[in-house]
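Biologist: I am new to this structure. Please pick one part of it and take me through that part closely.

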Amino acid sequence: MTTRDGYLSGSVLSRSELRTVWDTVDAARRIVALTHANPDADAIASLLALTDLRVRAGQEIIPAVGDGELPDTLRFLPGADRLVAPETISLQGVDLLVMLDCADEMRVGPTFQQHPEWFDGRIPIVNIDHHVTNTRFGSVNLIDPQAAATAELLGVMLIELGIQIEVDVATCLLAGIQGDTLGLRTPSTRARTLRLAADLLERDADLDTVVDNLFRVKPFSTIRLWGLALTRAERLGAIVWTEITPDMLTSSEAAAAEGEGIVNFLAGSKGSRVGALLYRLHDGWRVSLRSVREDVNVADLARLYGGGGHPRAAGCRLAPGIEARDRFLTDLAARLEALPVHRG
Ligand SMILES: [Mn+2]
């Protein structure tokens with residue numbers, strides 16, 4: 001238990017607000033809980049944590065992912081077998097929707113397209129999220145942009161309200177936090193995030209399994225693909241780049257998604273300002289750009305080539321051919337050369 005001031009000092013949250021949200025959930029007879037399409041660890045973990053809590057409380061709860069997908073890498077999460085295919089859900093008797101980690105209703109993807117009537121206000125919606133862009137679409141909203149993860153927000157709520165956190169819930173919440181903070185390393189990781197992680201460990205959260213599944217364990221095909229891609233890495237001015245070709249995927253027996261982390265690795269190359277990974281596709285190139293530097297905004301750069309994204313992670317598409325690739329890299333290198341350098 002916490003002997004500090006608690007999690008709410010300096011927070012946008014108040015205990016009465018947390019109480020209102022939890023009472024609303026508690027009072028429901030039948031809940032459908034939803035999270036966004038293309039779910040990440042935070043989305044699934046938050047959904048499964050809430051589900052476990054409500055099942056233990058004897059409540060009926062139907063958890064689903066907006067596109068029905070559960071990535072293989074997240075099957076280790078306790079309670080993953082409770083997820084229901086969204087197309088099988090009937091709202092008969094459902095008196096509350098709980099939406100987790102969704103900045104807006106559209107983030108549930110196919111479920112929103114197929115069932116706009118679920119979100120027209122007839123069934124109250126509890127909206128629990130940490131995105132600064134959240135549209136507050138719920139009838140009850142619990143939004144904390146200071147939370148590094150929706151799982152952090154849930155954990156703060158449970159501890160502040162004195163609700164018992166069993167080991168499976170602790171493991172889920174820790175996984176959500178670890179996922180959204182890339183292992184407690186992003187700038188969104190605050191003192192509260194670390195304190196909560198410690199509190200979850202005290203409740204026997206399985207850190208080893210979480211870290212293994214999110215960060216350490218990978219198929220051998222991934223290692224072979226990384227080897228092929230890293231062997232080809234080159235520097236051009238302030239860019240460190242490489243490519244992934246269909247041949248490389250065939251010889252490593254990897255899926256293209258297994259190469260996603262390579263570009264982050266390249267971006268950490270000392271003295272470089274941008275990491276670039278170019279996927280050769282049949283109709284052109286898909287480019288991922290990353291920077292770890294304050295003086296480079298890759299979203300601005302990507303927009304020059306018809307793409308977009310975030311300041312640290314962005315992407316664009318290029319026409320097919322080696323010439324298009326080299327023209328892009330030369331142009332990008334020249335633009336970086338022209339960008340003022342400042343440390344930080
Ligand atoms: Mn999240």
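Modeller: What follows is a look at one pair of helices and what surrounds it. The model is predicted, so local features need pLDDT of at least 70 and side-chain atom pairs count only at pLDDT 80 or more, while totals for chains, interfaces and linings use all residues. Residue numbers start from 1 along each chain as its sequence is written.

The pair is helix α4 (residues 150–160) and helix α5 (residues 167–180), whose axes come within 7 Å and cross at roughly 140 degrees (helices are DSSP runs of H or I, at least four residues, numbered from the N terminus; axes are lines fitted to C-alpha atoms over the stretch in contact, with angles from 0 to 180 degrees between N-to-C directions). That angle makes α4 oblique to α5 (under 35 degrees is roughly parallel, over 145 roughly antiparallel, 65 to 115 roughly perpendicular, and the rest oblique). From α4, the contact takes in T150, A151, E152, L154 and G155; from α5, L173, G176 and I177 (contact means C-beta atoms, placed from the backbone, within 7 Å).

L173 also reaches beyond this pair: leaving out residues up to four places away in sequence, L173 touches A45, A49, A151, L154, G155 and L200. In the largest nonpolar core, of 62 residues, L173 is among those with the most contacts, along with A45, A49 and V98 (a core joins buried Ala, Val, Leu, Ile, Met, Phe, Trp, Tyr and Cys through C-beta atoms within 7 Å; buried means 20 or more other C-beta atoms within 10 Å, exposed 12 or fewer, partly exposed in between). Helix α2 (residues 41–56) gives the largest share of this core, nine residues.

In the loop between α5 and α6 (191–202) lies L184. Its phi is near 60 degrees, a positive value in a residue other than glycine. L184 counts as partly exposed, with 14 C-beta neighbours inside 10 Å.

Terms used
Helix = DSSP H or I, 4+ residues; strand = E, 2+ residues; numbered from the N terminus. Contact = placed C-beta atoms within 7 Å.
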